[in-house]
Each structure stands twice: as C-alpha cells, then as structure tokens.
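Please read the points alongside the sequence and the coordinates.

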Amino acid sequence: MSLESATPQDIPAIMAIELNPDYALFIGNFTAEAHAANMASDDFRYFAWREDGRLVAFAILAKLTDPSDVVLLKRLGSSLTDTGVGRRMMPALIDWVFETTSANRFELDVSSANPRAEHVYRREGFLHEGTVREVYKHWDGVYYSSHLFSMLRREWESLPRRRERS
C-alpha cells in the first residue's frame, strides 16, 4: 500500500473508477485522451494507490506550475468504499505536495452531496473556506453546492502527526 506515480497504462483503471455511477456527483471524468494529455503536462501529476498490486484509488493534482504556489486536488477516487483507503492515502498525498513542491496552499473542492469526503478532509487538517452554491447540475436536474477546503504549508507543518515524526 503506497502512493506512487500513475502511468498511461493506469488510465483504463482510473476511468473505470471515474465512471462508477455512485461518483456522478463527486468526481467527474475525463476522456482517455484528456488523461494522457494531462499526464504529459507539467501542470498535472497523477498518483495511484495500489493494494495487492491492483490500482484501487487514484488522485490527480493540478496547478503544479501555478505562480502563486497553489496546488489543486482535482480529483480523487477509489474503487473500494468503507475500507479506509482515503484515510491511508490522504496523508501521503498531502505530504507529497508539501515535501515535493513549493506549494504554500493545497486546495480542493468537494460536493455538498459527499459528506464522507468532507469528513476525511477535515480530519486531515483541511479548513472549510466557503461554499459555492448550486454549482453542479446532476442528470436528474438537482443542483448541488461545492465546498472549498484548503491547507496552508504552515498548517501542514504543525499537524500533530508531523510533530510525532520529528
């Protein structure tokens, strides 16, 4: 179980997770061509989380070349639910952002229809900054809001789990 760079060979598994009907309100999806183009871009970084050699979760970071040192968690998805994959993956992803990039800010948005993800982000130290009301329209015509969360480098540096490692 570890966070590693995803490769173009991982695109079908990533797309299979993205296209899970249960995620229709949560994570969105790209075409295979868009994933390949993103993977080739300096502005994106794809990660795979493997268990028993199988890709069970992925994350896409964006804005890696942002001049204001902001990194965006564009997408995170898992083929396993209620197994703690997010709880295991998020600390590794957060640490990668702040240990590997010059990011001062790590941000993400989460659908108001996804309180489980909100719980994970809050538990890891992200702060809720606001809500964009009714920004996503579901296929059934219902509108959903999006919550903006972020973590600053100084907040990451003061996380209890980081102090325990020192």
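1. The model is a predicted one.

2. The largest nonpolar core has 28 residues, and the members that touch the most others are Leu61, Leu73, Phe106, Tyr121 and Phe126. Two or more residues each are given to this core by strands E2 (45-51), E3 (54-62), E4 (70-78), E5 (105-111) and E7 (143-152), and by helices H3 (85-100) and H4 (115-124). The largest share, eight residues, is that of H3. A second, separate core comprises 17 residues, among them Phe30, Phe44, Ile60 and Leu72. In soluble globular proteins, nonpolar side chains tend to be buried together.

3. Which residues are in contact with Leu73, leaving aside its neighbours within four places in sequence? The set consists of Ala59, Ile60, Leu61, Met90, Leu93, Phe106, Glu107, Leu108 and Tyr121. Ile60 is also listed in the second core, whereas Leu61, Phe106 and Tyr121 are named among the members of the largest core that touch the most others.

4. The whole structure contains six aromatic pairs. The rings of Phe98 and Phe106 are edge-to-face, because their planes stand at 80°, over the 60 degrees required; their centres are 6.4 Å apart. Phe98 is buried at 3% relative accessibility, and Phe106 is buried with a relative accessible area of 0%.

5. Phe98 also pairs with Trp156, and here the rings are stacked, because their planes lie at 25°, under the cut-off of 30 degrees. The ring centres of Phe98 and Trp156 are 5.2 Å apart. Phe98 belongs to helix H3 and Trp156 to helix H5 (residues 153-157), so this pair ties together parts 58 residues apart in sequence. Both Phe98 and Trp156 are buried. One aromatic cluster is formed by Phe98, Phe106, Tyr121, Phe126, Phe149 and Trp156.

6. The side chain of Arg50 is joined to that of Glu4 by a polar contact of 2.4 Å. A further polar contact, of 2.8 Å, links the side chains of Arg50 and Asp10.

7. In helix H4, the buried residues are Ala117, Glu118, Val120, Tyr121 and Glu124. These residues lie on the same side of H4, because they cover an arc of only 160° around the axis. The face turned away from that buried side carries the exposed residues Pro115, Arg116 and His119. Just after H4, Gly125 adopts a positive phi of about 110°.

8. Backbone angles in the loop between E3 and E4 deserve a separate point. Most residues other than glycine have a negative phi, and most peptide bonds are trans. Lys63, in the loop between E3 and E4, has a positive phi near 65°. Asp69 lies in the loop between E3 and E4 and has a positive phi near 60°. Lys63 counts as partly exposed, because its relative accessibility is 26%. Asp69, at 29% relative accessibility, likewise counts as partly exposed.

Conventions: Residues numbered from 1 in each chain as written. Predicted model: local features only at pLDDT ≥ 70, side-chain atom pairs only at ≥ 80, totals over all residues. Heavy atoms only, no water. Core = buried A, V, L, I, M, F, W, Y, C linked by side-chain atoms within 4.5 Å. Buried < 20%, exposed > 50% of the residue type's maximum accessible area, 1.4 Å probe, protein only. Helix = DSSP H or I, 4+ residues; strand = E, 2+ residues; numbered from the N terminus. Contact = heavy atoms within 4.5 Å. Polar contact = N/O pair within 3.5 Å; in protein donor to acceptor, adjacent residues only side chain to side chain. Arc of directions from axis to C-beta. Phe/Tyr/Trp six-rings, centres within 6.5 Å; stacked < 30°, edge-to-face > 60°.
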